Amino acid sequence: MIFTTIDQAYNKAGLSKVLVKVIDFLKENKEKFKDQKPGVYEIDGDNIFYQVIETNTEEIEKRQAESHKLYLDIQFVVNGEEKIGITPLKSSYKIKEYIEERDLIFYEEVQDEGYLIAKENCVSIFFPEDIHKPQIAVKEPAFEKKIVVKVKADII
């Protein structure tokens, strides 16, 4: 898991060229994203694409821990803020549901979650071994707009 902002010197942090390219893309398009409609948009076929999501954050009890097998999740907050739970993947965690067409795994329960607060311009990079629980309300449920870039793990 990597946490940064588009305002930091992420290009000097030893990230792969693909990750730098994605963060550059987020930085270059941050104003465009404010008006972009929710949906899925292509960057490089099924290797790299992104989703524009408009949603409301929720109480922690309503959120589910998730991970992905094939893709990294690169989450970028355009508007609002969210709390994100994070914990390493363990073989002991029981899978509640696997939605193959969305490369999305939900877990029944996880332990030892740490939390971070992602605000506008924050970038959270989750690898397949990172379980995360996004869209948790910071204080109370509120509107959030975010970009989730999906990057095939085997091109990193």
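Buried means under 20% relative accessible area, exposed means over 50%, and partly exposed lies in between (1.4 Å probe, protein chains only). The model is predicted: local features need pLDDT of at least 70, side-chain atom pairs count only at pLDDT 80 or more, and totals for chains, interfaces and linings use all residues. Residues are numbered from 1 along each chain as its sequence is written, and side-chain values use heavy atoms, with hydrogens and water left out.

**View 1. Gln135 in strand 11.**
Gln135 sits in strand 11; strands (E, at least two residues) and helices (H or I, at least four) are DSSP runs, numbered from the N terminus. Gln135 is buried, at 12% relative accessibility. Contact means heavy atoms within 4.5 Å. Leaving aside neighbours within four places in sequence, Gln135 is in contact with Thr55, Thr57, Glu58, Arg63, Glu82, Lys83, Glu144 and Lys146. Lys146 is eleven residues from Gln135 in sequence, and the C-alpha to C-alpha separation is 9.8 Å.

**View 2**
Two strands pair if DSSP finds at least two bridges between them. Strands of a sheet pair through backbone hydrogen bonds, either parallel or antiparallel. Here the order is 1-10-5-12-3-2, and the pairing is antiparallel. Strand 1 (2-5) and strand 2 (39-44) are the edges; each has a single partner strand, so one side of each has no neighbour in the sheet. On average, neighbouring strands are turned by 20° against each other, direction ignored. For this angle, axes are lines fitted to C-alpha atoms (for helices, over the stretch in contact), and angles run from 0 to 180 degrees between N-to-C directions.

**View 3. Strand 5 and its two partners.**
Eight of the nine residues of strand 5 are buried, so the strand is largely enclosed by the rest of the structure. Eight bridges pair strand 5 with strand 12 in the antiparallel sense. Gln75 has Val148 of strand 12 as its bridge partner. Strand 5 also runs antiparallel to strand 10, joined by four bridges. Across that pairing, Ile74 stands opposite Ile125.

**View 4. Val78 in strand 5.**
Val78 belongs to strand 5. With 6% relative accessibility, Val78 is buried. Beyond four places in sequence, Val78 is in contact with Lys30, Phe33, Lys34, Glu120, Lys145, Lys146 and Ile147. Glu31 is 47 residues away from Val78 in sequence, yet the two are 8.6 Å apart, C-alpha to C-alpha.

**View 5. Ser124 in strand 10.**
Ser124 is part of strand 10 (residues 122-126). Its relative accessible area is 1%, so Ser124 is buried.

**View 6. Strand 6 between strand 9 and strand 11 pairings.**
Strand 6 (residues 81-88) pairs with strand 9 in the antiparallel sense over six bridges. Ile86 stands opposite Gly114 of strand 9. Strand 6 also pairs antiparallel with strand 11, over five bridges. In that pairing, Pro88 has Asp130 as its bridge partner.

**View 7. Two loop residues with positive phi.**
Most residues other than glycine have a negative phi. Asp112 has a phi near 55°, a positive value in a residue other than glycine. Asp112 lies in the loop between strand 8 and strand 9 (114-119) and is exposed, at 60% relative accessibility. Asn121 is not a glycine either, and its phi is positive at about 80°. Asn121 lies in the loop between strand 9 and strand 10 and is buried, at 19% relative accessibility.

**View 8. The largest pocket.**
A pocket is an open set of points on a 1 Å grid over the protein atoms alone, where a 1.4 Å probe fits, with protein on both sides within 12 Å along at least five of seven lines; lining residues have an atom within 4 Å of a point. Points are joined across faces, edges and corners, and a volume is the space filled by probe spheres set on them. The largest pocket holds about 410 Å³. Among its 22 lining residues, Gln51, Glu66, His68, Arg102 and Leu104 are the closest to the centre. Strand 3 (48-56), strand 5 (71-79), strand 8 (104-107), strand 11 (130-136) and strand 12 (143-152) each give two or more residues to the lining. The lining has eight nonpolar, five polar and nine charged residues. Nonpolar covers Ala, Val, Leu, Ile, Met, Phe, Trp, Tyr, Cys and Pro; charged covers Asp, Glu, Lys and Arg; the others, Gly among them, count as polar.
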